[in-house]
Amino acid sequence: MEITSAYKSFGGWTKHYMHHSDTLNCDMRFSIYLPPQTANGQKIPVIYWLSGLTCTDENFMQKAGAQRIAAELGVAIVAPDTSPRGDAVANDDAYDLGQGAGFYVNATQTPWNRHYQMYDYVLNELPDLVETTFPVSDTRSIMGHSMGGHGALVLALRNPDRFRSVSAFSPISNPGNCPWGQKALTAYLGKNTGTWSDYDASLLMRKTTQFVPALVDQGDADEFLEEQLQPETLKAAANACGYPLTLNRRDGYDHSYYFIASFVDDHLRFHAKHLAT
């Protein structure tokens with residue numbers, strides 16, 4: 001593993017790394033914030049952040065302003081890239097497919113299946129690497145934005161034993177029923193829509209019997225709200241099975257990091273509460 005940059009922040013360190021991923025069959029990058037509590041080797045819990053379309057591991061670390069609260073709460077934050085990268089990795093000219101748009105699925109269709117195994121990477125390989133390299137524990141929560149909100153919800157809903165809590169900003173709640181999701185899932189998983197349900201948060205939430213506490217914030221001025229995000233579908237799924245979901249509709253907020261930065265403190269405190277139990 002190679003460190004590419006490090007910045008001291010609120011007594012801790014924001015660091016950026018490159019490493020080879022066997023799961024994705026390419027080199028990958030991730031960012032980590034280690035709060036000051038790790039200076040003496042104390043093992044602390046981790047919150048994983050999954051970013052949205054066109055983003056990298058750096059967007060959240062640079063724009064969200066999360067380090068101050070993470071330092072106060074004594075939690076680490078890990079942010080992977082949003083897809084495999086490199087000249088040998090399949091890509092598409094559009095922003096919503098290929099590099100920068102991995103959708104946190106395990107692709108089964110060529111040419112994507114050679115590299116696009118983001119679900120397994122985030123669930124297994126990256127946490128194993130983080131937990132053996134840094135002074136962190138295997139106590140985890142997960143959060144994300146847009147495509148990353150979809151990924152966070154799916155990973156938590158499918159693996160309730162691995163995550164103490166889950167949250168999302170503006171998640172793609174029902175990808176099987178929106179243009180972004182239909183395009184990506186067709187490419188990565190094929191035209192048989194029956195295979196898509198494993199990556200659809202609304203469908204997963206409706207049938208689950210194991211609950212991971214969930215928090216979702218959605219801006220009412222989000223330009224993608226009705227066509228792509230569909231939070232009410234997620235809320236209906238939660239109501240159907242009594243799922244502990246809190247959905248906040250935020251008046252006047254859009255899809256940007258201005259929105260995320262406005263409420264990231266609430267999300268980190270939500271996770272810290274559940275990580276401490």
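I started with Cys 55, which is buried at a relative accessible area of 9% (buried means under 20%, exposed over 50%, partly exposed in between, with a 1.4 Å probe and protein chains only). This is a predicted model, where local features need pLDDT of at least 70, side-chain atom pairs count only at pLDDT 80 or more, and totals for chains, interfaces and linings use all residues. Residues are numbered from 1 along each chain as its sequence is written, and side-chain values use heavy atoms, with hydrogens and water left out.

Next I looked for disulfides (pairs of cysteine sulfur atoms within 2.5 Å) and found zero. Cys 55 is in none, as the nearest cysteine sulfur, on Cys 178, is 17 Å away. Cys 26 is in no disulfide either, with the sulfur of Cys 55 its nearest at 18 Å. I noted Cys 26 as buried too, at 8% relative accessibility.

Then the backbone. Which residues does the cis peptide bond join? I found Thr 110 and Pro 111, with omega about 0°.

I also checked positive phi values outside glycine. Thr 54 has phi near 75°, and I have Thr 54 down as exposed at 52% relative accessibility. Ser 146 has a positive phi of about 60° without being a glycine. Is Ser 146 buried or exposed? Ser 146 is buried, at 3% relative accessibility.
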